[in-house]
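Let's take a walk through this one together.

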Amino acid sequence: MRALIYSDDVIEAMVEAMCSAKASQYDKNIYREALRGLVRLGQAEQLLNMQLDFNSLTLGQVIQH
């Protein structure tokens with residue numbers, strides 16, 4: 001069963017849409033990895049916000065994001 005993570009599918013579609021037919025495989029890989037890095041950063045930020053929200057709810061402290 002495949003995980004419900006579709007970012008790889010979207011990344012591949014973006015690589016195909018944004019890179020010209022003349023782009024080398026190396027250039028496509030660089031673009032692909034940059035997009036994956038952005039996805040990981042977004043996930044880390046979302047997790048941090050969830051942790052901060054949880055802490056403020058359970059500890060009653062407001063923590064600035």
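Arg32 sits in helix α2. Keep in mind that this is a predicted model. Is Arg32 buried or exposed? Its relative accessible area is 9%, and the cut-off for buried is under 20%, so Arg32 counts as buried. As for what surrounds it, skip the neighbours within four places in sequence and Arg32 turns out to be in contact with Ile11, Glu12, Val15 and Gln25.

Now zoom out to the helix itself. Helix α2 runs over residues 25–59, which makes 35 residues. At 1.5 Å a residue it should span 51 Å, and its end C-alpha atoms are 50 Å apart, so the two values agree.

Over to the partner helix, then. Helix α1 covers residues 7–18, and Met18 belongs to it. Met18 has a relative accessible area of 59%, and since exposed means over 50%, Met18 is exposed. Which residues make a nonpolar surface patch with Met18? Val10 and Met14 do, and with Met18 they form a patch of about 290 Å².

Technical notes: Residues numbered from 1 in each chain as written. Predicted model: local features only at pLDDT ≥ 70, side-chain atom pairs only at ≥ 80, totals over all residues. Heavy atoms only, no water. Patch = residues over 30% accessible without salt bridge, like charges linked within 9 Å, V, L, I, M, F, W, Y side chains within 5 Å. Areas by Shrake-Rupley, 256 points an atom, 1.4 Å probe, with all protein chains shown as cover. Salt bridge = Lys/Arg side-chain N within 4 Å of Asp/Glu carboxyl O. Helix = DSSP H or I, 4+ residues; strand = E, 2+ residues; numbered from the N terminus. Buried < 20%, exposed > 50% of the residue type's maximum accessible area, 1.4 Å probe, protein only. Expected span 1.5 Å × (residues − 1). Contact = heavy atoms within 4.5 Å.
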